[in-house]
There are 2 protein chains.
Amino acid sequence: MTHRNVIVGCAQMGPIAKADTRARVVKRQVELLREAKGRGVEFVVFPELAFTTFFPRWLIEDQTEIDFYFETEMPGPETQPLFEAAAELGIGFYIGYAELAVEDGLRRHFNTSIIVDRTGAIVGKYRKIHLPGHAEPVPGRDAQHLEKRYFEPGNLGFPVWRTLGGIAGMCICNDRRWPETYRVMALQGAEIVFVGYNTPDDHTGVFDFDQLTGFHHQLSLQAGAYQNATWVAAAAKAGNEEGSNMIGLSMIVAPSGQIATMATTTGDELISARCDLEMGALYKRTIFDFARHREPAHYGLIVERKGPILPE
Amino acid sequence: MTHRNVIVGCAQMGPIAKADTRARVVKRQVELLREAKGRGVEFVVFPELAFTTFFPRWLIEDQTEIDFYFETEMPGPETQPLFEAAAELGIGFYIGYAELAVEDGLRRHFNTSIIVDRTGAIVGKYRKIHLPGHAEPVPGRDAQHLEKRYFEPGNLGFPVWRTLGGIAGMCICNDRRWPETYRVMALQGAEIVFVGYNTPDDHTGVFDFDQLTGFHHQLSLQAGAYQNATWVAAAAKAGNEEGSNMIGLSMIVAPSGQIATMATTTGDELISARCDLEMGALYKRTIFDFARHREPAHYGLIVERKGPILPE
């Protein structure tokens, strides 16, 4: 039996305050990278929007203030030290950030993640496709969820990349709840999927719903891993960030659906696991041999409809 | 807050021997129906291929012997008492059976399930789409898995039906592991999905795989329910059937992904839960408001590819 082992870490990050500078945040990230190095980690997953506080919780009307949270270049002057440390340590990483791009002469805002290889070179970029929340504030909420206001949906699809001796894909936060996310990557051979997220458990105002937030997070990752025979490595922003309780629960899930490691704090915490990228092969040969068992002729509605259409 | 409560039961069935007659099996089913009536149940889910032993574990070469396991009419003389008892008790049901149909002058074999309403009338039929296993026996296995030999894939898609005061769909056994199954039904507004299954935990010869059989079963049902905001009611054949260990673990899962009830034996056992068909509405208005959040433009590969195509 062959193995392709890679030691993967998730660098969970405790809260980032509105007043925190990028320099200070990057310093924490570099510390996590150094811990990772000491623990033999070859690739580190950082959270979504990892350089600033999770600003979509606020209604901000001034575009200059909004754009403060966005990166116009990656790396930029303040994020460069992260890339330098990673290259120095020989560690690759995934990280999420708010991206302000100029495309076709238009300023475009995306919730973006990248894969950086161990030389510090960006090898892949993904832009979040499933934006949750609202474009307009919901009256009466302490914390808003205005991702649909500040970002447009990603326009790069769900690509995969050959890296780490295998095939890797990316998604961001809410993407992980949608089975289509993993499936599209699995149909390109994904063996490991990186996920950064910011998930509070106190902002919907529906207790029955909020109390299950951690369970739903875990269920989505485990199902995505098992049903697609892929590793999933997910890193959270955690703890009380500007009054919002972020669940943490960073974890690495095996192609079996088993949780290989999980964060046990709501602060900065590095978790790691040995991920054998060959592990999914057993499933891909048997129960999830897509080429033998899938029946796409019966899946048409998945692409033909956005919302449901009820029967007569 | 409105509710649409229906009391649903799953009638798990212990082993059915090769030598058991249909009359004897139906007698057990009628007993389970009577227990269901006493417990206020309005609809009962029976297992897959519920009238006979799970014959695809054997290589049978004589077509007459194979056809013995199939029903040419439903109800037929031996299955009629089940329909009569259900109508007498005013209970609807789902049940699975091997169907020998004649279509376009051809004899066709399907792994089929039906929904029968409380008057005893068949209101819906489904034919299993995701057939697992092999068309040819695998050398060295004690128990084969020859569903691909004895059945052809279902040709009726994944329809839903208005029944029980809501919208119900069906699938069978291995279908429950495929996220496409639930999604196609959810895109037609499914509020409850019925599943019958026969799942052994000792037939792959891979220990790492077999020992997780119960976990994978549960994970698939919970993810299907949560990610589609639907109830899932699943009934097993359980226990040692002709030398095969069937897992049981019949369960009813809520749209929250929570397990509402689960069988605790591997014999004939009725479990039941109050299912509020309105429960999924909370999810369908928020996190899983498909019409607001899905992005089908990026899901194309799900229907364009059967198996994976790897990147360069």
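1. Contact here means heavy atoms within 4.5 Å. By that criterion, A:Tyr182, A:Arg183 and A:Ala186 of H5(A) meet A:Ser220, A:Leu221, A:Gly224, A:Gln227 and A:Asn228 of H7(A). Sorted by class, this contact of H5(A) with H7(A) has three nonpolar, four polar and one charged residues. The model is a predicted one, and the points below should be read with that in mind.

2. Two packed helices are described by the angle between their axes and by the distance between the axes. For H5(A) and helix H7 (residues 213-228) of chain A, the angle is about 30° and the axes lie 10 Å apart. H5(A) is therefore roughly parallel to H7(A), since angles under 35 degrees count as such. The crossing of H5(A) and H7(A) is right-handed.

3. Chain B has a pair described in the following terms. H5(B) packs on helix H7 (residues 213-228) of chain B at an angle of about 30°, with 10 Å between the axes. H5(B) and H7(B) are therefore roughly parallel to each other. H5(B) passes H7(B) in a right-handed crossing. On the H5(B) side the contact is made by B:Tyr182, B:Arg183 and B:Ala186, and on the H7(B) side by B:Ser220, B:Leu221, B:Gly224, B:Gln227 and B:Asn228. Three nonpolar, four polar and one charged residues make up the contact of H5(B) with H7(B).

4. How do the H5 helices of chain A and chain B pack, at what angle and with their axes how far apart? Helix H5 (residues 179-186) of chain A and helix H5 (residues 179-186) of chain B pack at an angle of about 135°, and their axes are 11 Å apart. H5(A) and H5(B) are therefore oblique to each other. H5(A) passes H5(B) in a left-handed crossing. A:Pro179, A:Glu180 and A:Arg183 of H5(A) make the contact with B:Pro179, B:Glu180 and B:Arg183 of H5(B). By class, the residues of the contact of H5(A) with H5(B) divide into two nonpolar, no polar and four charged. A:Arg183 is also among the residues of H5(A) that meet H7(A), and B:Arg183 is among those of H5(B) that contact H7(B).

5. The largest nonpolar core has 124 residues. Which of them touch the most other members? They are A:Val45, A:Phe194, A:Tyr283, B:Val45, B:Phe194 and B:Tyr283. Leaving out residues up to four places away in sequence, B:Tyr283 touches A:Phe209, A:Leu212 and A:His216 of chain A, together with B:Tyr226, B:Ala229, B:Pro255, B:Ser256, B:Phe288 and B:Asp289 of chain B.

6. A:Phe151 sits in the loop between helix H4 (147-150) and strand S7 (160-163) of chain A. Is A:Phe151 buried or exposed? Its relative accessibility is 5%, so A:Phe151 counts as buried, the limit for that class being under 20%. Apart from neighbours within four places in sequence, A:Phe151 is in contact with A:Leu49, A:Phe55, A:Pro56, A:Phe70, A:Ala98, A:His109, A:Phe110, A:Asn111 and A:Leu131. A:Lys128, 23 residues from A:Phe151 in sequence, is 8.9 Å from A:Phe151 in space, C-alpha to C-alpha.

7. B:Ser244 belongs to strand S10 (residues 244-247) of chain B. At 4% relative accessibility, B:Ser244 counts as buried. With residues up to four places away in sequence set aside, B:Ser244 touches B:Arg57, B:Ala143, B:Pro200, B:Asp202 and B:Gly239.

8. Some backbone values deserve a look. Most residues other than glycine have a negative phi, and most peptide bonds are trans. The peptide bond from A:Met74 to A:Pro75 is cis, with omega near -5°. A:Pro75 lies in the loop between strand S3 (70-71) and helix H3 (80-89) of chain A. In chain B, the peptide bond from B:Met74 to B:Pro75 is cis, with omega near -5°. B:Pro75 is placed in the loop between helix H2 (63-67) and helix H3 (80-89) of chain B.

9. Positive phi values are found at two leucines. A:Leu164 has a phi near 55°, a positive value in a residue other than glycine. A:Leu164 is in the loop between S7 and strand S8 (166-172) of chain A, and is partly exposed, with a relative accessible area of 26%. Phi of A:Leu249 is near 60°, positive in a residue other than glycine. The loop between strand S11 (244-247) and strand S12 (251-253) of chain A holds A:Leu249, which counts as partly exposed at 24% relative accessibility.

Methods. Residues are numbered from 1 along each chain as its sequence is written. Chains are lettered from A and ligands numbered from 1 in the order in which they are written. This is a predicted model: local features need pLDDT of at least 70, side-chain atom pairs count only at pLDDT 80 or more; totals for chains, interfaces and linings use all residues. Side-chain values use heavy atoms; hydrogens and water are left out. Helices (H or I, at least four residues) and strands (E, at least two) are DSSP runs, numbered from the N terminus. Buried means under 20% relative accessible area, exposed over 50%, partly exposed in between (1.4 Å probe, protein chains only). A nonpolar core is a set of buried Ala, Val, Leu, Ile, Met, Phe, Trp, Tyr and Cys residues joined through side-chain atoms within 4.5 Å. Axes are lines fitted to C-alpha atoms, for helices over the stretch in contact, and angles run from 0 to 180 degrees between N-to-C directions. Angles under 35 degrees count as roughly parallel, over 145 as roughly antiparallel, 65 to 115 as roughly perpendicular and the rest as oblique. A crossing is left-handed if the near helix is turned anticlockwise from the far one by less than a right angle, and right-handed if clockwise. Ala, Val, Leu, Ile, Met, Phe, Trp, Tyr, Cys and Pro count as nonpolar, Asp, Glu, Lys and Arg as charged, and the others, Gly among them, as polar.
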